Structure formats: C-alpha cells, structure tokens
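Please look at the sequence and the structure shown here, and then follow the report on selected side-chain contacts and aromatic pairs.

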Amino acid sequence: NAGTEADVYISIYGEKGDTGSKQLFRSQKPKKFLKGQTDIFHVEAVHLGHLYKIVIGHNGLGSGDGWYLDKVVIKDPITDLDYTFLCHRWLDHGQDDGNIARELTVTDASTFPGRQELELKREETWAAEKWKFQKGNTLQFYNRLSRGFICLSPDSRVDALGDKKNKYGKIFFMWMYA
C-alpha cells in the first residue's frame, strides 16, 4: 500500500524561475505510482538553470491515496545533468506527519556522494531497530573475533560471558564485527 491512485503534482524550482504546478499524468508505465515502481514523466518547461528544489504532492483523492516516495531524479536534457531529490517519506494524511506534499532540496553530490541518502537510510534503520533498546529488554552482542558474548541487562549490568539463557527471557542478538 505504498503506491497511490491520487493525482500527483510537481513544481520544479531553478535559478531562473519555476515551472508552476504540473500534474504528472503520462507515465511510460501502464499504471503509474505503484509500490516499488519507477515512473518516468516528461515535463515541458523553459530552461530553469541549475535546479535547487521541488515541491511534490498529491490531491488526496481516490482509494489508497497515501504514497511513500523514495526519491525524484530530474534529468536536464540541455545540460545532461541529473538532479536528485531524496524524500524517503510518506505523503499521506494517515502516515508520518500527515502531509501530502513535500518540499525537497537537491542532493549535493559534489560534497559527498550519497551522504543524504546514507543519513536517511540510517534514520530508517534506527526507526526499525530502536524497539530492541526499550526499557526491560536484554541485549546480547556476539563478537566474531573473540567468539564471546556481552550481555547488557535491563538493570544496567554488563556480563562479559553473556549467558544464552537468563531470567529475562528473550535475548536479541546483534552481530558485531571487530
């Protein structure tokens, strides 16, 4: 349920102006905005120079209007440059922060290629894994180099032997490489 049937709009901003709001309605795919799918659209506009941001969103209409947007890549046919705008968020009244439009700034690949994408992936990973670190959970780490365990108990004790079974029940393993 990460795709949308709503009408999607984009505004592209560059150093020489913007496109205004344009509906993305002719994809090269038979059905657009499906989960896991990459859609390609042609947007006609005057040359905007170097791009710096976009605003993308949908009208919130139709069944299954919520949409998870990974990223937008704009290819400038005049300069042959690609501009990447990372999102990695929901555009959905019922998910995330409830917004159905996002303002995205261009990823500056010249500073460190993929830095923003790596940071977003780190945040996604933490969001998925933070439950392990909630109060009351016991963690057990395995070090492949020493072939030993370290157990972190809810009462803040650290056990270098890290018994595989203890009074706290479940133990979550996290693999560490030294």
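## Arg102 and its partners

In this predicted model, the side chains of Arg102 and Asp97 are joined by a polar contact of 2.8 Å, while the side chain of Arg102 also reaches the backbone oxygen of Trp90 at 2.6 Å. Arg102 is placed in strand β7, which covers residues 101-105, and with a relative accessibility of 7% Arg102 counts as buried, because the limit for that class is under 20%.

Leaving aside residues up to four places away in sequence, Arg102 touches a set of residues that includes Ile54, Val55 and Ile56, as well as Cys87, Arg89, Trp90 and Leu91.

## Aromatic pairs

The count of aromatic pairs comes to two. Tyr52 is partly exposed, at 41% relative accessibility.

The rings of Tyr68 and Trp90 have their centres 5.6 Å apart and their planes at 70°, so the pair is edge-to-face. This pair, too, links distant parts of the chain, with Tyr68 in strand β5 (residues 67-75) and Trp90 in strand β6 (residues 82-91), 22 residues apart. Tyr68 has a relative accessible area of 27% and is therefore partly exposed.

Terms used: Residues are numbered from 1 along each chain as its sequence is written. This is a predicted model: local features need pLDDT of at least 70, side-chain atom pairs count only at pLDDT 80 or more; totals for chains, interfaces and linings use all residues. Side-chain values use heavy atoms; hydrogens and water are left out. Rings of Phe, Tyr and Trp (its six-membered ring) pair if their centres lie within 6.5 Å; planes under 30 degrees apart count as stacked, over 60 as edge-to-face and the rest as tilted. Buried means under 20% relative accessible area, exposed over 50%, partly exposed in between (1.4 Å probe, protein chains only). Helices (H or I, at least four residues) and strands (E, at least two) are DSSP runs, numbered from the N terminus. A polar contact is a pair of N or O atoms within 3.5 Å; within protein, one must be able to donate a hydrogen and the other to accept it, and residues adjacent in sequence count only if both atoms are side-chain atoms. Contact means heavy atoms within 4.5 Å.
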